[in-house]
Amino acid sequence: MDSGGLFNIFIFLVAACAVVPLATRFKLGAVLGYLLSGVLIGPFALGFISNVEEVMHFAEFGVVMMLFLIGLELDPSTLWRLRRTIVGLGGAQVVLTSAVFTGVGVLFGFSLPVSLAVGMALSLSSTAIVLQMLEERNLLRTAAGESAFSVLLFQDISVIFILIILPLLAVGGVAVEAEHSASLLEHLPAWQHALAIAAVIVAIIFGGRYLSSYLFDFVARTRLREVTTATSLALVVGTTLLMYAIGLSPALGAFLAGVVLANSEYKHSLETDIQPFKGLLLGLFFISVGMGINFDLMVEHPFIILGLLAALIGVKLVLLLGLGKLIRLHGSQNIIFAFGLCQGSEFAFVLFQYS
């Protein structure tokens with residue numbers, strides 16, 4: 001690693017250590033502190049780091065590890081207890097929001113495939129922001145918190161199906177596909193492409209759950225904790241590479257790897273090993289997002305951007321308030337639920353790359 005790379009890492013750490021404690025002290029939350037850190041060191045402020053695209057590659061690894069941890073936390077007992085809320089409330093939120101934004105897109109003259117792709121991406125909410133906000137304010141165990149968690153969980157799972165649907169959407173007669181030209185499936189027809197992707201995902205989930213126990217039993221005999229951690233990371237990276245090879249998001253591979261290990265007897269040991277890196281990786285992601293905010297564009301088109309932002313939040317807020325009433329959330333609980341989920345999602349950054 002050259003001195004430039006070390007300098008970038010130093011700037012990231014100093015900015016996070018300086019700004020995030022101030023943000024939390026004024027009760028703004030750690031997420032907003034990371035975003036402000038990125039804005040401060042980015043090209044539109046002090047300019048310590050100007051190559052945002054290079055930094056976003058590191059941020060993508062942060063998303064990958066975040067999704068791995070989300071998949072790892074998919075406890076079957078929790079899923080079963082919240083099954084009706086997850087499928088019913090979460091499914092209704094994703095379907096209704098996608099339908100509304102798709103209809104708006106068509107009304108404004110965009111094609112149905114483009115409108116549907118954008119609508120599905122905008123239907124999602126930020127898992128990282130919402131869960132951290134609920135945890136910081138001790139709201140995760142409330143009715144609003146559990147409802148929000150159920151919706152977020154369904155959204156995370158729905159990303160898998162959205163990524164399967166995207167290749168079937170045709171724009172100008174060409175299937176929507178990942179930007180990675182090295183996909184092994186790029187020459188297949190759209191329906192075969194989608195079928196092959198679904199088959200690979202099913203094979204990873206069911207085959208991995210069965211085989212991973214034998215793999216970790218073998219590794220555990222070494223009695224070396226770092227080897228177990230290295231094996232787990234190798235599984236994450238390997239699944240990620242497989243997703244890359246078939247033209248899907250690397251983050252999806254990490255999510256599936258987490259799901260594979262969710263029932264493993266080594267799950268808690270793995271969580272303990274990776275937990276120290278979780279906050280740093282999420283912080284890196286949010287810092288990179290803050291660095292990527294184009295303030296020149298905001299200055300040039302302030303009313304358009306603010307109008308689109310207000311429309312996004314307003315439409316989702318109305319739908320969420322209505323869904324909250326249907327599940328009998330009243331007063332402040334319904335407000336917390338709706339306002340918590342009315343923003344966009346970090347998954348949209350991933351989906352927009354593949355649409």
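Predicted model: local features only at pLDDT ≥ 70, side-chain atom pairs only at ≥ 80, totals over all residues.
User: Why is glutamine 93 called buried?
Analyst: Buried means under 20% relative accessible area, exposed over 50%, and partly exposed in between (1.4 Å probe, protein chains only). Glutamine 93 has a relative accessible area of 2%, so the residue is buried. Glutamine 93 lies in helix H5 (residues 83-107); helices (H or I, at least four residues) and strands (E, at least two) are DSSP runs, numbered from the N terminus.

User: What makes the pairing of glutamine 93 and glutamine 155 a polar contact?
Analyst: A polar contact is a pair of N or O atoms within 3.5 Å; within protein, one must be able to donate a hydrogen and the other to accept it, and residues adjacent in sequence count only if both atoms are side-chain atoms. The side chains of glutamine 93 and glutamine 155 are joined at 2.8 Å.

User: Which residues are in contact with glutamine 93, leaving aside its neighbours within four places in sequence?
Analyst: With contact defined as heavy atoms within 4.5 Å, the residues are Ser123, Val151, Gln155, Lys316, Leu320 and Leu323.

User: Why does aspartate 296 count as partly exposed?
Analyst: Its relative accessibility is 46%, so aspartate 296 falls in the partly exposed class. Aspartate 296 is found in helix H13 (residues 295-300). The C-alpha atoms of aspartate 296 and phenylalanine 44 are 8.0 Å apart, although 252 residues separate the two along the chain.

User: How do you know that the buried residues of helix H15 lie on the same side?
Analyst: The buried residues of H15 (residues 332-341) are Asn334, Phe337, Ala338, Gly340 and Leu341. They cover an arc of only 165° around the axis, and therefore lie on the same side of H15. The arc is that of the directions from the helix axis to the C-beta atoms.

User: How many helices and strands does the protein have, and what percentage of its residues count as buried?
Analyst: The secondary structure comes to 16 helices and two strands. Of the 355 residues, 45% count as buried.

User: What percentage of contacts between residues at least 6 apart in sequence join residues at least 24 apart?
Analyst: Among those contacts, 76% join residues at least 24 apart.

Technical notes:
Residues numbered from 1 in each chain as written. Heavy atoms only, no water.
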